[in-house]
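Please look over the structure below before reading on. The report that comes after it describes its chains part by part.

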Amino acid sequence: MSFPLIFERSRKGRRGLKLVKAVPKAEDLIPKEHLREVPPRLPEVDELTLVRHYTGLSRRQVGVDTTFYPLGSCTMKYNPKLHEEAARLFADLHPYQDPKTAQGALRLMWELGEYLKALTGMDAITLEPAAGAHGELTGILIIRAYHEDRGEGRTRRVVLVPDSAHGSNPATASMAGYQVREIPSGPEGEVDLEALKRELGPHVAALMLTNPNTLGLFERRILEISRLCKEAGVQLYYDGANLNAIMGWARPGDMGFDVVHLNLHKTFTVPHGGGGPGSGPVGVKAHLAPYLPVPLVAKGEEGFYLDFHRPKSIGRVRSFYGNFLALVRAWAYIRTLGLEGLKKAAALAVLNARYLKELLKEKGYRVPYDGPSMHEFVAQPPQGFRALDLAKGLLELGFHPPTVYFPLIVKEALMVEPTETEAKETLEAFAEAMGELLEKPKEWLENAPYSTPVRRLDELRANKHPKLTYFDEG
Amino acid sequence: MDYTPHTEEEIREMLRRVGAASLEDLFAHLPKEVLNPPIDLPEPLPEWKVLEELRRLAAQNLPAHKAFLGGGVRSHHVPPVVQALAARGEFLTAYTPYQPEVSQGVLQATFEYQTMIAELTGLEIANASMYDGATALAEGVLLALRETGRMGVLVSQGVHPEYRAVLRAYLEAVGAELKTLPLEGGRTPAPEVGEGVGAVVAQNPNYLGALEDLGPLAEAAHRAGALFVAVADPLSLGVLKPPGAYGADIAVGDGQVLGLPMGFGGPHFGFLATKKAFVRQLPGRLVSETVDVEGRRGFILTLQAREQYIRRAKAKSNITTNAQLTALMGAMYLAALGPEGLREVALKSVEMAHKLHALLLEVPGVRPFTPKPFFNEFVLALPKDPEAVRRALAERGFHGATPVPKEYGENLALFAATELHEEEDLLALRDALKEVLA
């Protein structure tokens, strides 16, 4: 039987929350021509029905709290409960209240900015972007403003990305009005330096890199890459999705990156919330600081304030000051771990990944770019197995699968990121399950999963005849 | 405390297995020049001390419960039931639902959210959420430009100035041309829409709080072959004519007013609704109903060929992480209130705003600015600098008088009321304002 929709639980005239005692008449307040004629068909449920509905739905959902979730490039580490309590302390603040009455919030933002600058080796920072991709757009717009300011806006029209890049990198470059050129990866899975040299030039605005890259490998020639970029006047952009691997051990700023975005919902353990909200602060070197979006949190003689007077700024990328409650969580995380804890977390993230890689190789999985892995690695199943079937088989065995079919340069890719908060025995149980899958009959794999809330879904039907709302007749 | 489970013995054993001598050794292949930089961070603290520090910081803020500040974020009731349900770990700690068999909770709740937003806006479909109202507007306008193949945008000055600022940044990036339609008497005049214009944008209630009849704007847009984009307050749609009913092709807005904490501005969520005909140009995630191999109803992400991880440089947007959990909180709020409850909260807010308006006009030197009819926010002309007034009110324990940008006029301040305000709260604010302006 299907799980009912909230609309199917609705009964005409049933009431949940009543917040108003004496309800005024609409006609007394609002001219008739502005009033809606038909009420929205929202569900009518009592509070217990509401609670059973969403509790029931939550039981049809896995998260880090229920299940090992080694999704590559997503850093599904444990989200401490402390942070939820922390966020509640700051929930009741209005973005337009007098900054004098929000000094605690502004101080927290300023301090977080200082911590993040220290951890990335950057000179200035904005906390405004709401997610990683939003940070990317902000960073590329900053680079664009910089080139325009120098009179090179018209000539530098290309953004370079490696072929192993996250899809958001080329999508961002397009959104910022750039043409995108791909740089192939070399045989070891790192940027092909010769190919890069051929592409660099006065027509290039930026090179976007993830380091460690999406194969989980540190770009060992990063200093040469950044030197080449500098010589060509090309700005070097750091996609912070994989910062968890090197947090505290090495800094993008020291590697020669000009711009960095961070995913606070990955590295700094803001919960992913089923797809958001996240937070994507952007750090820059001094030469790009004038272009940061407004406002910036600044420290003055009379306390902290919001600095709007930045004539070269790219303007605003979001209303207000960013996903503030995410910033509170990241602040709490950094203060709990300190440098020592952050370094240990990064090291154990790497150790967990390398350990799991060895276990999977033992089970018969291949690792096509088997260099010194950082926080994640990309494995391939033996010949004849499909990554998709293995993923679905894992669901049956009680694990969330790794990222599949990414990066694009590895066929049947299984991108595994265990994170540092998983115990050794969990990694071993996962490896056992991965091994077990290779022993399963082909038919079992192709039809898995069996005991999940639903089984394989008809994706084609959803694409051809999408039904996007309950009332959609198709 | 670092939340890692490893014992010393386990670390030793695992290091042996991977052939490393120590944890430092795992980083030995990084260039020496960048390894182990000096980083200045505060010493780690035990959990109770972190909370203590946070409480100390929180105590330096004056909470804004029952604030009279407006500007699209308001102090409405934040229902505990919504907070409790959204805090469930399965929702809180899930990733994007790429594995639908174990993500039916988020997927179905999102499908229900999409339905509720479509109902509220009077349009056919809605995506799974955007970051906030401002970025939803920018993405909505980019959708209209893709759909029409044009590069001109006309935006009413009645649209929230921060939304317009974000729109400007997004449009400059793609080389689109943005023109502002100045308000006349607090409302948007029917514009001349040129041939190159792909999107006309206006807001109801507008930034000044005034109700606008946007039908003629939608008609003017359509006559010129442009699409009409409406910015709407979702709470107001419990009583006001929905954008779909006055000809909007796209409706966007911010969900904070649907029972979300104000959170000093975020996270909230943005919604984006439109017509089914434009679905292939829609940015962001989208959930569809379908069936599983046993014929059971299930939900799945659909039309993913629009998105960055499939289409890369040709994607409709770079958006990846959105505001899923806060959007679900909005949906939970709508379900908790139902159509009647929503209507009641909206009407009560309007009633209290009108009472507040009348009371504040009793204060010498205060003049009306927003024309009637207005909704639950309004602008007053003050005899003093609004920043000073806001501060003086705060010193008396009141949050009110959001300074309005000077493009609208001198010494203007925005006020709002909600269902949380009682008669005595309104009187107290009036008396405080009297004192401040005396």
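What follows is a plain account of a predicted model, starting with chain A as a whole and ending with a hairpin in chain B.

**Chain A as a whole**

Chain A is built from 14 helices and twelve strands. Its C-alpha trace extends over about 70 × 70 × 45 Å along the principal axes. The radius of gyration of chain A is 25 Å, which agrees with the value near 23 Å that a compact globule of 474 residues would have. Of those 474 residues, 62% are buried. The contacts in chain A also reach across the sequence: taking contacts between residues at least 6 apart in sequence, 72% join residues at least 24 apart.

**Where chain A touches chain B**

In the contact between the two chains, 170 residues of chain A meet 167 residues of chain B. Which element of chain A gives the most to this side? The answer is helix α10 of chain A, residues 324-362, with 21 residues. Sorted by class, the side of chain A that touches chain B holds 95 nonpolar, 41 polar and 34 charged residues.

**Domains**

| Chain | Domains (residue ranges) |
|---|---|
| Chain A | domain 1 (residues 1-60), domain 2 (residues 81-336), domain 3 (residues 346-460) |
| Chain B | domain 1 (residues 80-332), domain 2 (residues 338-437) |

In chain A, the C-alpha centres of domain 1 and domain 3 are 43 Å apart. In chain B, the C-alpha centres of domain 1 and domain 2 are separated by 28 Å. Contact between these two domains of chain B involves 13 residues of domain 1 and 15 residues of domain 2. On the domain 1 side of that contact in chain B there are seven nonpolar, five polar and one charged residues.

**A lysine with an annotation**

An unreviewed UniProt entry places the feature "modified residue: N6-(pyridoxal phosphate)lysine" at A:Lys266. In the model, A:Lys266 sits in the loop between β6 (259-262) and β7 (282-284) of chain A. Is A:Lys266 buried or exposed? A residue is buried if 20 or more other C-beta atoms lie within 10 Å of its own. A:Lys266 has 25 C-beta neighbours inside 10 Å, so A:Lys266 counts as buried. Leaving out residues up to four places away in sequence, A:Lys266 touches A:Cys74, A:Thr75, A:Ala241 and A:Asn244.

Over residues 345-438 the chain is 46% helix and 9% strand.

An open sheet of chain A has three strands in the order β10-β12-β11, with antiparallel pairing. Strands β10 (377-379) and β11 (403-404) of chain A are at the edges, each with a single partner strand, so one side of each has no neighbour in the sheet. Strand β10 of chain A runs antiparallel to β12 (residues 414-416) of chain A, and three bridges join them. Across this pair, A:Val378 has A:Met415 in β12 of chain A as its bridge partner.

**A hairpin in chain B**

Strand β8 of chain B covers residues 287-291, and four of its five residues are buried, so β8 of chain B is largely enclosed by the rest of the structure. Five bridges connect β8 of chain B to β9 (residues 297-301) of chain B, and the two run antiparallel. One of the residues in this pairing is B:Val287, whose bridge partner in β9 of chain B is B:Leu301. Five residues lie between the strands of the hairpin, where B:Gly295 takes a positive phi near 85°.

B:Leu286 belongs to the loop between β7 (270-274) and β8 of chain B. B:Leu286 counts as buried because it has 24 C-beta neighbours inside 10 Å. Although B:Leu286 and B:Ile125 are 161 residues apart along the chain, their C-alpha atoms are separated by 9.3 Å. Which residues is B:Leu286 in contact with, leaving aside neighbours within four places in sequence? In chain B they are B:Asn127, B:Ala128, B:Leu301, B:Thr302 and B:Leu303, and in chain A the contact is A:Leu468.

Definitions and conventions
Residues are numbered from 1 along each chain as its sequence is written. Chains are lettered from A and ligands numbered from 1 in the order in which they are written. This is a predicted model: local features need pLDDT of at least 70, side-chain atom pairs count only at pLDDT 80 or more; totals for chains, interfaces and linings use all residues. The radius of gyration is taken over C-alpha atoms; the globule rule is 2.2 Å times the number of residues to the power 0.38. A residue is buried if 20 or more other C-beta atoms lie within 10 Å of its own, exposed if 12 or fewer, and partly exposed in between; C-beta atoms are placed from the backbone. Two residues are in contact if their C-beta atoms, placed from the backbone, lie within 7 Å. Ala, Val, Leu, Ile, Met, Phe, Trp, Tyr, Cys and Pro count as nonpolar, Asp, Glu, Lys and Arg as charged, and the others, Gly among them, as polar. UniProt positions are given in the numbering used here, feature names are shortened, and annotations may be inferred rather than shown by experiment. Two strands pair if DSSP finds at least two bridges between them. Domain bounds come from an automatic or database domain assignment.
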